[in-house]
Amino acid sequence: MTPTTRPLGATGLAVTELCVGTSPLASMPQLYGYDVSEERAVATIEAVLDSDIRFIDTSNGYGADGEAERRIGAALAERGGLPDGVVLATKVDPDPVTGDFSGARVNASYRESLDRLGVDGVPLLYLHDPERIPFEDAVAAGGPVDALVSLRARGLVGHIGVAGGPVELMRRYLETGVFDVVLSHNRHTLVDRSADGLFAFARKHGIGVVNAAPYGGGMLAKGPDAQSKYGYGERPGPLAAAVRSMADACAAHGVPLPAAALQFSLRSPLIDATVVGVSSPERVAQTLEYAGWDIPDALWAELDELAPSPEHWLG
Ligand SMILES: NC(=O)c1ccc[n+]([C@@H]2O[C@H](COP(=O)([O-])OP(=O)(O)OC[C@H]3O[C@@H](n4cnc5c(N)ncnc54)[C@H](OP(=O)(O)O)[C@@H]3O)[C@@H](O)[C@H]2O)c1
C-alpha cells in the first residue's frame with residue numbers, strides 16, 4: 001500500500017501515516033533481544049528512503065553515544081543528504097554520564113544530534129522521556145522546556161514535542177500549552193488503550209498525535225514466545241495470554257497478527273502517524289504490506305473482546 005500523507009496536528013507539517021522508528025537500529029539487545037550491525041542498520045534506512053514512507057523518528061539517546069543517529073547520518077551521507085519531503089524528527093536526552101537534563105543540556109543534545117545526523121536542523125524536536133526528571137524542574141525558568149521553546153522561537157527547530165510514557169504526566173506537559181506534538185508509546189495497541197484520553201485532548205487542542213510502538217516493542221509482531229517483553233518490561237500473565245488468543249483469532253481469519261496490530265493504530269481517527277521499529281530492509285516492504293492487509297470487521301470485534309482490562313494497561 002501507499003501510505004497516505006496527513007497534517008501533523010496544526011504544525012503545518014505533512015507526514016505519512018507510517019513513520020519508521022529507529023531504536024532497534026541502535027542495537028539495544030537489552031530491549032529487543034538481538035544485535036543489529038551497522039551495515040544492516042544503514043541498509044534499513046536506505047530501504048526506508050527508497051520507500052513511500054516519509055517520516056523517520058530517532059533520538060539522541062538511542063544506543064551508546066547516539067548510535068542510531070550516527071547510523072542514520074551514515075545512510076544520509078551515502079544518499080547525499082536528506083531527500084526532499086522526508087520529515088526527520090529527533091529528541092533531546094539527558095547527558096548519558098551525569099544525567100543532567102538542564103536547559104544547557106537540551107542545547108548540547110540538539111547540537112550533538114545535528115552533528116551525528118549531518119543536517120542543519122530538524123522540523124520536529126521532542127523532549128524525550130521527561131519522566132526521568134520532576135515535572136517542576138522541567139518547566140522551571142531556564143529548564144529544558146524553556147530551552148526547547150527558545151530553540152523554536154529562534155527558528156533553530158521547526159516544532160517541539162514531548163515524547164514519553166505515563167499518560168497523566170504527558171497530559172501535564174500538554175497543558176503547558178507550548179507543545180506542538182505528543183508522542184506516546186505502547187499505550188494505544190491491541191492490548192493497551194491507556195493513551196486514548198491523552199490523544200483526544202491533543203486532538204482537541206490541535207496538537208499532533210504520534211503513536212509509537214504499535215507492536216508493544218515486538219510482542220505483537222513476533223508473538224509472546226519470541227518476545228516476552230511488552231513495553232520493554234517482562235509482563236507475564238493476562239497480557240501475554242491475550243496476545244496468544246489474538247494471534248489465534250487472527251490466524252482463523254488468515255490475517256497476520258502484526259497486520260492487525262499495525263492497523264489498530266493506523267485506523268484510529270485520533271492518530272496522525274504510527275511509529276514502527278524495524279531493523280532490516282525487508283521489514284520496510286513487509287510493514288507496507290501489513291498496513292494494506294484486508295481485515296474483516298468480524299476480526300476487529302473479536303480482538304476488542306479479547307483486549308485485557310484496564311488494570312493490565314501501562315497507564
Ligand atoms: N519515548 C519515546 O520517544 C519512544 C518510546 C518508544 C518508541 N519510540 C519510537 O517508536 C519506535 C517504535 O517502537 P519500538 O521499535 O520500540 O516498538 P514496535 O514498533 O512496537 O516494535 C518493534 C519490534 O517489532 C519488530 N517488528 C517490526 N515489524 C515486524 C514484522 N513485520 N515481523 C516481525 N517483527 C517485526 C521489530 O523487529 P525487527 O528488529 O526484527 O524488525 C522490533 O523488534 C521506536 O523505534 C522509536 O523510534 C519512541
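Visitor: In which sense do strand β7 (residues 159-164) and β8 pair?

Guide: This is a predicted model, in which local features need pLDDT of at least 70, side-chain atom pairs count only at pLDDT 80 or more, and totals for chains, interfaces and linings use all residues. Residues are numbered from 1 along each chain as its sequence is written, and side-chain values use heavy atoms, with hydrogens and water left out. Helices (H or I, at least four residues) and strands (E, at least two) are DSSP runs numbered from the N terminus, and two strands pair if DSSP finds at least two bridges between them. β7 and β8 share four bridges, and their sense is parallel.

Visitor: Which residue in β8 is the bridge partner of Val162?

Guide: Val162 has its bridge partner in β8. That partner is Val182.

Visitor: How many of the residues of β8 are buried?

Guide: Buried means under 20% relative accessible area (1.4 Å probe, protein chains only). One side of β8 has Val181, Leu183 and His185, the other has Val182 and Ser184, and both faces are covered. The count for residues 181-185 is five of five.

Visitor: What share of the ligand's area does the protein bury?

Guide: The ligand has polar contacts, meaning pairs of N or O atoms within 3.5 Å: one of its oxygen atoms is 2.8 Å from a polar backbone atom of Tyr215, and an oxygen atom is 2.8 Å from an N or O atom in the side chain of Lys222. A nitrogen atom of the ligand lies 3.1 Å from a polar side-chain atom of Gln286. Taken alone, the ligand exposes 890 Å² (Shrake-Rupley method, 1.4 Å probe). The share of this that the protein buries is 96%.

Visitor: What percentage of the 315 residues in the protein are buried?

Guide: The protein has 13 helices and twelve strands, and its C-alpha trace spans about 55 × 40 × 35 Å along its principal axes. Buried residues make up 56%.

Conventions: Buried < 20%, exposed > 50% of the residue type's maximum accessible area, 1.4 Å probe, protein only. Polar contact = N/O pair within 3.5 Å; in protein donor to acceptor, adjacent residues only side chain to side chain.
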